[in-house]
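Me: I have a structure open and would like to walk through it with you. Could we take it in questions and answers?

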Amino acid sequence: MRKIVLIGGAVLAAAWSMSAFAAPGVVASVSAAKQSLGPGDDLVVRVTLTNTGDKPQRMLKWHTPFGAIEESLFEVSRDGIPVAYEGRHVKRAAPTAADYVVLQPGKSYSATVELTSLYDLSTTGDYAIRFRTHAPDVPYKARADAAKDGAKGVAVDDAEDFVQSEAVQVWIEGTNQKRAQPVPIGEASLAYSQCSASQQSTIASAFSAAKTMANGANTYLAAGTAGTRYTKWFGTYDASRYATVKSHFTAIKDALDNKPVTVDCSCKESYYAYVYPTQPYKIYVCNAFWSAPLSGTDSKGGTLVHELSHFNVVAGTDDWAYGQSAAASLAKNNPARAVDNADSHEYFGENTPALQ
């Protein structure tokens with residue numbers, strides 16, 4: 001459930017010019033339709049983004065509430081305990097101009113979003129809901145300068161990378177029966193759902209390619225190598241971060257070698273694939289998957305590695321950046337986020353062009 005309301009007659013525009021944008025000046029607010037909910041009631045919130053500056057601001061559509069919610073855009077807690085996101089994690093191509101919306105100066109834009117399907121609200125308690133999303137794009141030089149400041153020891157606040165609202169409190173009387181999450185039980189297998197015979201053959205080849213990538217990544221990391229292949233995608237060597245990446249690929253390899261994986265072919269969206277992080281090991285492949293190469297950059301095999309990394313029982317990665325250029329910049333400017341970025345794992349696994 002989501003409805004976009006353009007306040008003051010403003011229009012969301014897809015066209016943009018880099019010269020038109022300055023530092024972020026977008027303010028977010030969130031309100032709840034009801035302050036108290038009973039069992040079976042949906043949690044509906046209204047999010048408003050206001051451009052308080054004097055220049056247009058562009059934001060990626062999937063970082064806003066103005067469409068299908070396919071990433072975690074909210075921080076939800078119950079009695080101070082974080083509530084996990086249960087919606088989709090999507091693999092997309094690097095963004096183009098058509099993937100942006102523009103918030104005009106002085107204008108406000110609102111949408112209503114139903115959160116019950118995205119977060120487990122079944123336990124009775126006092127819930128706090130905060131909208132939190134990536135800040136509007138700023139020129140690359142501004143981000144590079146901030147990274148240099150961090151390298152010089154100048155404090156750089158990660159919060160500046162986000163637009164976030166104050167939290168709204170809602171009392172929810174739940175069913176006190178936690179939503180059951182399917183946990184596949186069984187030996188290693190590859191199953192299919194709504195896939196034609198030719199699609200099944202393609203997926204089997206992609207699965208084999210993903211195994212090759214995972215094996216190569218594990219061999220590299222087991223040797224303790226921290227060459228350009230590692231630093232390109234995960235940034236400057238740090239023992240703790242390196243150990244995290246190593247554990248991630250151990251889990252990805254284990255999923256490919258030992259878990260019952262199901263690939264569903266019913267998705268008709270333009271992106272590559274998606275998963276629900278709390279529902280291993282089912283991967284939904286979409287239109288871009290079928291035209292991708294079997295291996296190499298943004299490949300079918302790499303897509304499976306990307307999606308497996310999203311499962312909470314595997315690596316629990318997020319989507320901080322899409323595309324090789326953005327992922328490489330993320331590694332330079334924020335290695336901690338690169339270690340949590342699904343595309344970074346995919347590109348490390350694909351290793352195209354090959355790095356040592």
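Reply: Happy to! Keep in mind that this is a predicted model.

Me: Which residue has its ring paired edge-to-face with that of phenylalanine 348?

Reply: The structure holds 17 aromatic pairs. In one of them, the ring centres lie 5.4 Å apart and the planes meet at 85°; since planes over 60 degrees apart count as edge-to-face, the pair gets that label. The partner of phenylalanine 348 is tyrosine 220.

Me: Is tyrosine 220 buried or exposed?

Reply: The cut-off for buried is under 20% relative accessible area. Tyrosine 220 has a relative accessibility of 10%, so the residue counts as buried.

Me: Which helices do the buried residues of helix 7 pack against?

Reply: Helix 7 spans residues 324-333, and its buried residues are Ala327, Ala328, Leu330 and Ala331. Seen down the helix axis, these fall within an arc of 155°, so they line one face. On the other side, Ser325 and Lys332 are exposed. The buried residues pack against helix 3 (228-234), helix 8 (335-338) and helix 9 (342-350).

Me: Which strands give two or more residues to the lining of the second largest pocket?

Reply: That pocket holds about 560 Å³ of space. Its lining has 26 residues, with Ser72, Leu73, Phe74, Tyr85 and Asp318 nearest the centre. By type, the lining divides into 11 nonpolar, 9 polar and 6 charged residues. The elements that give two or more residues are strand 6 (74-78) and strand 11 (125-134).

Me: What does leucine 60 touch, leaving out residues up to four places away in sequence?

Reply: Leucine 60 lies in strand 5 (residues 57-60). With a relative accessible area of 10%, leucine 60 is buried. Its contacts beyond those sequence neighbours are Pro95, Asp99 and Tyr100.

Me: What distance separates the C-alpha atoms of leucine 60 and alanine 135?

Reply: Along the chain, leucine 60 and alanine 135 are 75 residues apart.

Definitions and conventions. Residues are numbered from 1 along each chain as its sequence is written. This is a predicted model: local features need pLDDT of at least 70, side-chain atom pairs count only at pLDDT 80 or more; totals for chains, interfaces and linings use all residues. Side-chain values use heavy atoms; hydrogens and water are left out. Buried means under 20% relative accessible area, exposed over 50%, partly exposed in between (1.4 Å probe, protein chains only). Helices (H or I, at least four residues) and strands (E, at least two) are DSSP runs, numbered from the N terminus. The arc is that of the directions from the helix axis to the C-beta atoms. Contact means heavy atoms within 4.5 Å. On a 1 Å grid over the protein atoms alone, a cavity is a set of points where a 1.4 Å probe fits but cannot get out, and a pocket is an open set with protein on both sides within 12 Å along at least five of seven lines; lining residues have an atom within 4 Å of a point. Grid points are joined across faces, edges and corners, and a volume is the space filled by probe spheres set on the points. Ala, Val, Leu, Ile, Met, Phe, Trp, Tyr, Cys and Pro count as nonpolar, Asp, Glu, Lys and Arg as charged, and the others, Gly among them, as polar. Rings of Phe, Tyr and Trp (its six-membered ring) pair if their centres lie within 6.5 Å; planes under 30 degrees apart count as stacked, over 60 as edge-to-face and the rest as tilted.
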